[in-house]
Amino acid sequence: MEVEENNVLVADMGCGDTKLLRLLKVYPCIQLLVGVDINEEKLQSNGHYLSPYLGEFVKPRDLDLTVTLYHGSVVERDSRLLGFDLITCIELIEHLDSDDLARFPEVVFGYLSPGMIVISTPNLEFNPLFPTMTLRDADHKFEWSRMEFQTVYTTTYPSLQQERVLKFVLVGELLVQVEHLRLRQQRMLREEEGARGPQPQAPPLLLGAVFTEAEQARIESSPKPFCEGDKFCIPLRRLLAYPKLHRLRLDEDRMRRLIADSVCLSRDGSAVVVDLHSSWDRWPEEN
């Protein structure tokens with residue numbers, strides 16, 4: 001078990017003889033170890049094995065460690081077990097009857113939902129090596145083969161680590177920002193030409209975003225948008241400075257590669273290029 005973070009919380013469900021807890025307590029990153037078992041007599045008889053040895057007083061740990069044993073059940077919701085980094089269920093599920101087995105994933109995966117879960121159970125395929133027994137323990141309700149223990153259902157949620165999802169989010173946010181900047185540029189041009197007489201009614205503008213001082217400084221230090229004839233060009237570095245695109249943590253090269261087939265780029269690929277005026281911008285003059 002390789003753990004680098006501090007303040008790790010670990011719970012062993014069905015801890016029984018506490019052997020796993022005794023192995024885990026040597027890891028300096030663990031600060032809370034909890035054992036849970038339905039057999040209170042076992043907890044009382046094995047708890048003393050978890051007390052610190054004389055050597056642990058002579059050479060104490062750098063971080064606090066608390067070890068607690070709870071009399072409880074893996075199929076009962078216990079708020080004391082919320083927020084744990086790791087929950088182990090070693091040789092436990094085979095002791096559950098069908099009703100409790102059905103409740104097990106609801107409690108452990110649903111209610112408790114730790115950062116990591118480790119589950120082990122005896123492999124039925126090795127039982128022929130023990131010809132005198134059908135099940136390895138009289139309390140076992142079942143023993144599964146590897147096929148029976150296989151995953152029944154799995155799904156992967158979309159994340160920005162998946163390139164197709166990243167591209168979808170990137171292009172969507174980019175188009176919104178480009179449109180906002182295009183309309184802003186039109187407004188600036190209208191204000192400059194305002195003295196020349198009545199102007200067409202302006203299309204509605206997107207609401208301006210409110211930036212923090214750091215965000216504003218980052219935006220202002222990036223290359224500014226510019227016009228080339230009737231084309232409006234927004235440098236990629238400028239776009240990456242805006243918060244919703246900045247949070248994607250992309251460099252200019254990767255951004256260019258992801259958007260190349262979705263938007264028009266300048267010849268050198270350094271800017272997104274759009275028409276400054278579009279057909280839907282033409283509003284009739286007021287009578």
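The protein chain contains nine helices and eight strands, where helices (H or I, at least four residues) and strands (E, at least two) are DSSP runs numbered from the N terminus. The model is a predicted one, in which local features need pLDDT of at least 70 and side-chain atom pairs count only at pLDDT 80 or more, while totals for chains, interfaces and linings use all residues. Residues are numbered from 1 along each chain as its sequence is written, and side-chain values use heavy atoms, with hydrogens and water left out.

Of the 287 residues of the protein chain, 31% count as buried, a term that stands for under 20% relative accessible area, with exposed meaning over 50% and partly exposed in between (1.4 Å probe, protein chains only). Among the contacts (heavy atoms within 4.5 Å) with a separation of 6 or more in the protein chain, 65% are made by residues 24 or more positions apart.

Five strands build an open sheet in the order β3-β2-β1-β4-β5, with parallel pairing; two strands are taken to pair if DSSP finds at least two bridges between them. At the edges of this sheet are β3 (66-71) and β5 (116-120), each of which pairs on one side only. Neighbouring strands here are turned against each other by 15° on average, direction ignored, with axes being lines fitted to C-alpha atoms, for helices over the stretch in contact, and angles running from 0 to 180 degrees between N-to-C directions. Strand β2 (residues 30-37) runs parallel to β3 and is joined to β3 by six bridges, and V34 stands opposite T68 in β3. Helix α4 (residues 98-112) lies across β4 (86-90) and β5, and runs at about 160° to β5. In the loop between β4 and α4 lies E91, which has a positive phi of about 50° although it is not a glycine; at 37% relative accessibility, E91 counts as partly exposed.

A further open sheet consists of three strands in the order β6-β7-β8, and its pairing is antiparallel. Because β6 (226-228) and β8 (271-275) stand at the edges with a single partner strand each, one side of each is left without a neighbour in the sheet. From one strand to the next, the twist averages 30°. Three bridges hold the antiparallel pairing of β6 and β7, and C227 has F232 in β7 as its bridge partner.

The largest nonpolar core has 23 residues, and those with the most contacts inside it include L170, L174, L250 and V272; such a core is a set of buried Ala, Val, Leu, Ile, Met, Phe, Trp, Tyr and Cys residues joined through side-chain atoms within 4.5 Å. At least two residues of this core are supplied by each of α5 (163-192), β7 (231-235), α7 (236-241) and α9 (252-259), and the largest share, six residues, comes from α5. Leaving aside residues up to four places away in sequence, L250 touches L166, L170, L240 and L258. A second, separate core of 19 residues includes M13, L81, I87 and C89.

Helices α5 and α9 pack at an angle of about 90°, with their axes 10 Å apart. That makes α5 roughly perpendicular to α9, the word covering angles of 65 to 115 degrees. Among the residues that meet are E163, L166 and L170 in α5 and R254, M255 and L258 in α9. The residues of this contact divide into seven nonpolar, no polar and four charged, where Ala, Val, Leu, Ile, Met, Phe, Trp, Tyr, Cys and Pro count as nonpolar, Asp, Glu, Lys and Arg as charged, and the others, Gly among them, as polar. In the loop between α8 (243-246) and α9 is R249, which has a positive phi of about 55° although it is not a glycine; at 77% relative accessibility, R249 counts as exposed.

Key:
Parallel < 35°, antiparallel > 145°, perpendicular 65-115°, else oblique.
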